[in-house]
Amino acid sequence: GARDSPFRGAEEEERQHSRELRGLSEAKHAKLQQETKERHDGLKEQLDGMRREMESSLGALGQGISAVKEEKGHLGGMEQRLRQEFGAQAQAGRQGTEELKQKVETLQGGFVELRDAVRKSPGKESRH
């Protein structure tokens, strides 16, 4: 009975040792889990922040696009009005030119008649 006594002491020591190791590994495992969770939460927070920032940027971009479309519509309307105005002026110009041509032709006709009348008038030849 005296021979197995040191072994029993060694077994007890080993069990104690393995309990301590198990305790340590459980503590280490819990610590790792906590660190992983904290890292995960930190990343999630960063991602949420990035997502919010992106949504905000997209919102601003959308507003910018709307403003550009509105401005484009406004410019399109102005361009159309300018074309109409220019068209009306060009039309008036053509009509004016036509009237001038007619007046010039009338004047030319008058000059021709006057010249012919002057040529035919008596006393013209005597001054020659």
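Reader: Why does Asp41 count as partly exposed?

Author: A residue is buried under 20% relative accessible area, exposed over 50%, and partly exposed in between, with a 1.4 Å probe and protein chains only. Asp41 has 32% relative accessibility, and therefore counts as partly exposed. Please note that this is a predicted model, in which local features need pLDDT of at least 70 and side-chain atom pairs count only at pLDDT 80 or more, while totals for chains, interfaces and linings use all residues. Residues are numbered from 1 along each chain as its sequence is written, and side-chain values use heavy atoms, with hydrogens and water left out.

Reader: With which residue does Asp41 form a salt bridge?

Author: Side chains of opposite charge can pair when their charged atoms come close. The rule for a salt bridge asks for a side-chain nitrogen of Lys or Arg within 4 Å of a carboxyl oxygen of Asp or Glu. Asp41 meets this rule with Lys37, the closest N and O atoms being 3.0 Å apart. Lys37 is partly exposed, because its relative accessible area is 47%. The two residues, Asp41 and Lys37, are four residues apart in helix 1, so about one helical turn separates them.

Reader: How are helices and strands defined, and how many does the protein chain have?

Author: Both are DSSP runs numbered from the N terminus: helices are H or I with at least four residues, and strands are E with at least two. The protein chain has two helices and zero strands. Helix 1 covers residues 5-120.

Reader: How many salt bridges are there by this rule?

Author: The count is nine. One of them joins the side chains of Arg15 and Glu12, at 3.2 Å from N to O. Arg15 and Glu12 both lie in helix 1, three residues apart, which is about one turn of the helix. Arg15 counts as partly exposed because its relative accessibility is 40%, and Glu12 is partly exposed with a relative accessible area of 38%.

Reader: Which residue meets Glu55 in a salt bridge?

Author: The partner of Glu55 is Arg51, with 3.4 Å from N to O. Glu55 and Arg51 are four residues apart in helix 1, so they are separated by about one helical turn. Glu55 has 45% relative accessibility and therefore counts as partly exposed; Arg51, at 44%, also counts as partly exposed. Through salt bridges that share partners, Lys44, Asp48, Arg51 and Glu55 are joined into one network.

Reader: What are the numbers of positive and negative side chains in the protein chain?

Author: Lys and Arg count as positive and Asp and Glu as negative, while His and the chain ends are not counted. The place of a charge is NZ of Lys, CZ of Arg, CG of Asp or CD of Glu. The protein chain has 24 positive and 24 negative side chains, and the centres of the two sets lie 9 Å apart.

Reader: Which residues form a nonpolar patch on the surface?

Author: Patches take residues with over 30% relative accessible area and no salt bridge; like charges are joined within 9 Å, and nonpolar side chains (Val, Leu, Ile, Met, Phe, Trp, Tyr) within 5 Å. Here Met54, Leu58, Leu61 and Ile65 form such a patch, with about 420 Å² of accessible area together. Accessible areas come from the Shrake-Rupley method with a 1.4 Å probe, and for residues only the protein chains shown count as cover. Met54 lies in helix 1 and counts as exposed, because its relative accessibility is 57%.

Reader: What is the radius of gyration of the protein chain, and what would a compact globule have?

Author: The radius of gyration is taken over C-alpha atoms, and the globule rule is 2.2 Å times the number of residues to the power 0.38. A compact globule of 128 residues would have a value near 14 Å, but the protein chain has 54 Å. Its C-alpha atoms fill a box of roughly 180 × 25 × 15 Å along the principal axes. Buried residues make up 0% of the 128 residues. The accessible surface comes to about 12,100 Å², of which 57% belongs to carbon and sulfur atoms.

Reader: How far apart in space are Thr36 and Ser121?

Author: Thr36 and Ser121 are 123 Å apart, C-alpha to C-alpha, and 85 residues apart in sequence. Thr36 lies in helix 1. For Ala60 and Glu79, 19 residues apart in sequence, the distance in space is 28 Å, C-alpha to C-alpha.
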